[in-house]
Amino acid sequence: MRLILAPMATLTHGALRSTIADFGGCDEYYTEMIQAGTLLTNGPFEKYYLFTNPEPEKIVWQITGGKIPAMVEAAKMLSQMEGIGVDINMGCCAPDIVRAGAGIAWMLKDQQETQQLVEQVGQVVRQNNKRFSVKLRLGDEDFTQEGFFSFVDMLAQRGVQQITLHPRTKKEKYRYPPKLEYVKHLVEYIEEKGYDIQVVLNGAVSDGISAQKAASLAPGISGIMIGRAAVQKPWVFKEIASYQAKKEGKEETSFQVDLLKTGCNFVQRLQEFQPPEFYKTRLQRFFAFYSDNVQFAHHLRTRLLNHPSPEGCIQQLEEYFAAAPAEQVRFIGG
């Protein structure tokens with residue numbers, strides 16, 4: 001079972017990937033959504049989206065955009081770089097993304113237009129011997145299983161090799177549990193039709209127990225994609241592997257996490273892999289999740305979000321753990 005880092009805007013950049021790699025990494029690292037049109041204009045910040053650290057061979061480039069020509073050219077460019085392949089984002093529901101005709105808008109447009117996108121992007125990706133994949137949701141609120149599978153047929157018939165399903169509709173937010181049964185239905189449908197497509201589940205996994213539960217509810221998946229939990233716990237992939245090893249009766253794989261050191265390492269790497277203009281938003285996004293590791297999460301989160309500079313965040317972390325030293329080291333597994 002592959003363990004995969006989900007694509008998340010402002011989060012899945014080189015600093016987070018390197019922090020995850022400190023704990024053994026994962027099988028695949030999806031990049032942030034790369035805006036196809038902006039990439040092609042060679043804007044001042046685009047190079048930061050193209051870093052491949054720490055394991056270039058495990059990178060998956062995810063592209064977004066509302067125009068077919070730009071998406072094709074971006075896919076052509078990225079599929080010539082190191083990495084596993086190129087993924088089209090068809091699941092993002094952010095209003096500005098949807099208004100631009102991107103993200104989940106591709107599931108809601110006339111299917112002939114989306115078919116052209118998939119056909120043309122897939123062709124350039126496969127020509128460079130890279131994997132072609134799509135990440136999607138179930139569709140709009142009025143989606144039907146018949147309509148969803150018709151969309152899957154279109155993807156399969158145009159060479160998509162992997163589908164990642166986040167089993168929520170367009171408007172369903174994280175307060176609603178994902179409909180994991182649809183991942184199971186998708187696997188069964190693909191097997192029934194004889195399509196050579198791998199299915200990855202995205203949603204509801206945050207530790208070893210939930211990973212095992214998801215795998216049992218959706219047997220046949222080839223991977224589990226983790227997003228927010230990997231920001232809160234950059235060691236979550238190692239935690240899942242440790243849990244699985246224990247269930248299988250293998251050698252002890254417990255480990256410890258130094259929350260101060262891990263947080264400071266992230267801050268230092270952010271300065272290496274992101275421009276100063278991005279420090280504030282990236283620090284705030286990361287620590288909004290990471291703070292949940294401590295007992296007084298709201299207190300630490302408030303302090304960190306109010307000091308969104310590298311120096312300010314390191315100072316706040318040091319002061320918190322100086323006052324609560326028993327919280328600094330966490331033992332996982334065992």
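A residue is called buried when its relative accessible area is under 20%, exposed when that area is over 50%, and partly exposed in between, using a 1.4 Å probe and protein chains only. The model on your screen is predicted, with local features needing pLDDT of at least 70 and side-chain atom pairs counting only at pLDDT 80 or more, while totals for chains, interfaces and linings use all residues. Residues are numbered from 1 along each chain as its sequence is written, and side-chain values use heavy atoms, with hydrogens and water left out.

Select helix α9, residues 180–193, bearing in mind that helices (H or I, at least four residues) and strands (E, at least two) are DSSP runs numbered from the N terminus. The expected span of a helix is 1.5 Å times one less than its number of residues, so the 14 residues of α9 should span 20 Å, which agrees with the 20 Å between its end C-alpha atoms. Colour Leu 180, Tyr 182, Val 183, Leu 186, Val 187, Tyr 189 and Ile 190, which are buried in α9; what covers the buried residues of this helix includes α8 (145–157), β7 (162–165), β8 (198–202) and α10.

Finally, select Met 90, whose contacts (heavy atoms within 4.5 Å) include Trp 106, Leu 136 and Phe 151, not counting residues up to four places away in sequence.
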